[in-house]
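Have the viewer ready, and we'll go one stop at a time.

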Amino acid sequence: MTQILKYHSHINKQPMRLPKKYDYDTVERKWLDAWDESMYYFDHASGKEQYIIDTPPPYPTGDFHIGNALNWCYIDFLARYKRMRGYEVMFPQGWDCHGLPTEVKVEEIHGISRHQLSKHEFRALCEELTARNIEQMRAMMKRLGISIDWSHEYITMDDSYMRYTQLSFLKMYKAGLIYQAEHPVNWCPRCETAIAFAEVEYEDRDSYLNYILFRRVDNGSYVEIATTRPELLASCVAVAVHPDDDRYKDMIGSELEVPLFGQRVRVYQDDAVDPEFGTGVVMICTFGDRQDVRWWKQHDLPLRVSIDERGRMTSIAGKYAGLDTLECRKRILSDLSDSDLLMRQESIRQNVGVCWRCKTPIEIISTRQWFVRVNKEEILKAAKEINWYPHHFRLRLENWVQSMDWDWCISRQRIFSVPIPVWYCKRCGAVKLAEESQLPVDPVVKSPDTPCSNCGGTEFEPEHDVLDTWMDSSLTALWTAGWHFDTCEAEFQFPVALRPQGHDIIRTWAFYSILRSLALTRTIPWHNILINGMVLGEDGYKMSKSRHNTVSPDEVIQKYGADVFRQWAAIGGATGSDVQFRWKDIIAASKFMQKLWSILRFSMIHLADYEPPAKEPELEVVDRWLLSQLNRLVITVTEAMDGYQFDEAMKSIRSFAWYVLADDYIELAKSRLYGRSPSARYALYQTLKTLSLMLAPFIPFFAEEMYSYLSEGGSVHMAKWPQPGKIDTDAEAEGELIAAIVRAVRRYKSERGIPLNAALKRIVILSDTDMSTGDIANATATTVELKNNDAGTYEGTVIDVKELRIIIEE
RNA sequence: GGGCUCGUGGUCUAGCAGGUGAUGACGCCGCCUUCACGAGGCGGAGAUCAUGCGUUCGAAUCGCAUCGAGCCCA
């Protein structure tokens with residue numbers, strides 16, 4: 001085994017007084033330097049049960065923000081806990097490199113447009129920026145003490161991963177799960193690319209509802225139709241009314257003439273028409289929105305494309321051709337008005353679909369794109385086989401799946417992404433797939449090795465489109481488990497144990513991962529999914545630069561240390577709910593660090609030279625009380641960890657250490673510790689050591705420091721999780737009674753302004769059963785006498801403590 | 001318009017397979033420089049668990065309605 005620690009604990013074993021103040025910076029740096037990261041390496045040959053984590057591969061922006069940090073803390077709590085529980089844990093780290101934001105950033109940094117360079121050169125600049133950003137984020141993860149297995153790192157822009165992505169494309173294409181089709185897609189006219197549903201956001205915008213007259217062909221009367229998008233008149237292919245709307249019953253089946261453009265369109269009846277909206281008559285265009293696409297399919301309507309890929313009017317728009325949509329809208333409204341066909345305008349607040357990246361309103365445009373088939377039933381069934389924590393987030397996935405109107409569009413008209421490994425035969429037009437041995441391949445740069453299998457042609461046109469970046473990241477579970485597409489076998493345990501992620505990407509990463517796992521392996525990707533909440537600013541709103549409420553984990557670590565940040569992450573709120581960031585909680589966490597340090601400092605006065613005996617010595621009741629409480633704590637914390645309740649675990653530990661150990665036990669046992677009582681020393685030693693083990697997942701630096709004083713060597717992070725010993729209910733009852741009597745005496749003194757260390761005349765406890773009074777006497781600095789319940793009368797104040805009566809004489 | 005989550009002392013928060021003196025933190029008040037700890041110790045005040053109705057012997061916890069907040073989506 002490699003030497004895990006550079007510092008050996010015997011250095012710390014010398015009798016010593018620790019400094020009064022906990023110096024987190026020195027301690028954390030010491031252990032960062034001492035730890036050998038190979039102790040976190042996954043060993044598939046260990047024979048232990050595997051616990052594989054499908055860690056999120058963050059987008060390398062260079063900023064490991066507080067939301068990431070919260071997520072990684074959760075993962076690390078589990079990874080460290082599971083290792084201590086005897087699992088072989090794999091905690092890999094990936095980087096999801098491709099995508100538009102990096103392209104935009106590169107254009108910004110270098111002051112260029114992507115069209116000014118060759119694709120190859122532009123891609124190189126993107127790779128360079130990404131590598132730099134990864135380095136920054138990696139450093140932050142290490143500083144936070146995250147126990148990542150860096151021998152299992154993957155970078156989606158590397159050849160090996162690109163090959164994996166392209167291979168998965170070929171497999172799914174050959175299985176008929178990927179196809180190319182002319183179909184309406186969400187389109188960003190500014191980015192000039194197709195985007196998936198998941199990339200469409202919705203924003204409220206102010207607009208106008210325009211009431212326009214259409215002429216009935218049969219009787220020449222006019223019908224008023226309200227629309228927010230008059231520029232789409234040229235694309236109008238039908239009109240619809242609700243079947244029960246009495247106003248329009250006679251119109252169904254007749255034809256209307258579209259104003260300005262003159263095409264004749266039929267009136268359909270459809271339940272989806274809202275009679276309350278506008279005039280209750282709706283024009284169907286190809287395409288104004290998703291509902292238009294549904295109607296277009298249902299009623300088998302023709303296609304009239306009036307907006308092109310750059311958001312400009314096509315030749316169908318006649319004299320408006322070449323205008324952008326907004327200019328066109330103005331001109332059409334003005335022309336309608338001139339012809340007395342525009343009745344009125346109402347202002348309206350509407351929800352507009354916009355591009356997630358540039359906030360430009362999207363268009364729905366019919367183009368030739370690549371799609372992945374979405375099998376809704378299969379995904380819904382798989383979602384039920386996975387354990388969701390918290391449970392209700394499964395509903396979010398289910399609702400999302402049910403709302404999808406068409407398949408997943410995976411082609412993008414961009415540069416920094418994985419190329420689609422396909423050419424087209426110039427002679428017959430057939431699709432030519434890349435050979436597996438060629439991968440990764442950019443078809444724009446390379447040609448096929450073999451002629452067209454259809455016609456024997458040797459000239460090919462490359463596919464210029466690239467893949468949606470979710471095509472990379474939806475494979476992370478398979479990649480991590482070492483899934484082989486050819487043998488359909490994984491090197492490691494698959495499905496993997498855990499997917500941790502935020503709820504903001506359930507409809508993307510979780511959804512696509514399940515979809516692809518089912519398509520490629522016929523099984524779910526993971527058994528458990530743990531959802532973390534978002535971090536809100538101190539003002540209670542989502543952190544955002546425009547609100548100026550952001551806090552970086554770096555800032556917290558510099559001021560208070562990584563352990564404090566991690567403690568905040570554990571205790572900030574129930575796992576899965578959004579967590580509000582508050583500096584007060586950070587300060588509370590740092591106070592606990594100081595309290596723990598004071599406990600350790602006091603203990604080392606008594607334990608620095610302690611050699612734990614092979615066998616448990618005879619224990620006094622207060623010591624048995626402490627150990628029994630400790631055993632309860634082990635049970636509570638273990639259960640909480642198994643249920644991902646980090647807040648519960650950490651709070652239990654904190655409250656035990658502070659109130660049971662420091663406030664009650666140490667006060668009671670202090671004088672026996674000064675007297676080197678074997679019983680008290682044993683109890684204190686066992687308690688501290690067990691605490692250091694249970695603190696290890698949460699505050700790994702402090703726990704290591706603490707453990708180094710108490711053990712013969714080795715890292716706390718390689719140690720075993722504690723097993724609970726027996727619960728001694730008798731000792732608990734008596735110990736609790738003793739603590740309560742001491743509290744009552746303290747209250748008595750406090751109320752009368754008597755210093756707490758002042759001696760009273762005596763304390764009489766009326767009890768028919770025997771009990772230990774030595775620690776009470778020591779903790780109250782007063783003589784304690786035990787008398788029978790009926791043993792006469794006393795001068796003094798009578799106080800009831802639980803079922804007992806005590807008399808305090810001054 | 002639909003779905004989900006939530007509404008607990010001044011602030012934040014736990015509990016929500018029904019029975020607790022309703023958790024803890026911060027803040028507040030009083031006392032204490034007690035020999036581990038003054039970024040501390042000891043003691044204390046402070047909540048009709050959003051509102052209304054219902055189920056139940058019993059509700060913060062279950063159901064319905066209302067009001068309010070946040071998130072996701074159409």
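In which helix is Arg 566 found? Look in helix 15, which covers residues 562-571. Before we zoom in, keep in mind that this is a predicted model. Now, is Arg 566 buried or exposed? Its relative accessibility is 0%, so Arg 566 counts as buried. The side chain of Arg 566 reaches the backbone oxygen of Gly 145 at 3.1 Å. Setting aside residues up to four places away in sequence, Arg 566 touches quite a list, including Cys 73, Asp 76, Phe 77, Leu 144 and Pro 697.

You'll find Asp 468 in the loop between strand 21 (466-467) and helix 11 (470-473). Its relative accessible area is 1%, and anything under 20% is called buried, so Asp 468 is buried. The side chains of Asp 468 and Arg 412 are joined by a polar contact of 3.1 Å. Among the other residues that Asp 468 touches are Ala 196, Glu 199, Trp 408 and Tyr 512.

Next, the nonpolar interior. In soluble globular proteins, nonpolar side chains tend to be buried together. Here the largest nonpolar core has 148 residues, and those touching the most other members are Trp 568, Phe 581, Phe 646, Leu 661, Tyr 665 and Ile 741. Helix 18 gives the largest share of this core, with 14 residues. Pick out Leu 661 and leave aside its neighbours within four places in sequence: Leu 661 is in contact with Ile 599, Leu 626, Phe 656, Ile 666, Leu 684, Thr 687, Leu 688 and Leu 691. There is also a second, separate core of 89 residues, which includes Met 172, Val 185, Ala 240 and Trp 483.

Helix 19, residues 678-695, is worth a stop too. From its first C-alpha to its last, helix 19 reaches 26 Å, close to the 26 Å expected at 1.5 Å a residue. Of its 18 residues, 15 are buried, so helix 19 is largely enclosed by the rest of the structure.

Now for the RNA. How many residues surround RNA strand B? There are 39, and the closest are Tyr 202, Asn 399, Arg 507, Tyr 659 and Tyr 674. Sorted by type, the residues of this surface are 13 nonpolar, seven polar and 19 charged. Helix 18 turns up here as well, giving the largest share of the surface near RNA strand B, nine residues. Zoom in on Tyr 659, where an N or O atom in the side chain is 2.3 Å from a phosphate oxygen of RNA strand B.

Most residues other than glycine have a negative phi, and most peptide bonds are trans. The peptide bond from Thr 286 to Phe 287 is cis, with omega near -5 degrees, and the bond from Leu 439 to Pro 440 is cis too. Leu 260 isn't a glycine, yet it has a positive phi of about 70 degrees. At 37% relative accessibility, Leu 260 counts as partly exposed. Asp 340 has a positive phi of about 60 degrees, and its 60% relative accessibility makes Asp 340 exposed.

Terms used:
Residues are numbered from 1 along each chain as its sequence is written. Chains are lettered from A and ligands numbered from 1 in the order in which they are written. This is a predicted model: local features need pLDDT of at least 70, side-chain atom pairs count only at pLDDT 80 or more; totals for chains, interfaces and linings use all residues. Side-chain values use heavy atoms; hydrogens and water are left out. A residue is near a molecule or strand if one of its heavy atoms lies within 4 Å of it. A polar contact is a pair of N or O atoms within 3.5 Å; within protein, one must be able to donate a hydrogen and the other to accept it, and residues adjacent in sequence count only if both atoms are side-chain atoms. Helices (H or I, at least four residues) and strands (E, at least two) are DSSP runs, numbered from the N terminus. Ala, Val, Leu, Ile, Met, Phe, Trp, Tyr, Cys and Pro count as nonpolar, Asp, Glu, Lys and Arg as charged, and the others, Gly among them, as polar. The expected span of a helix is 1.5 Å times one less than its number of residues. Buried means under 20% relative accessible area, exposed over 50%, partly exposed in between (1.4 Å probe, protein chains only). Contact means heavy atoms within 4.5 Å. A nonpolar core is a set of buried Ala, Val, Leu, Ile, Met, Phe, Trp, Tyr and Cys residues joined through side-chain atoms within 4.5 Å.
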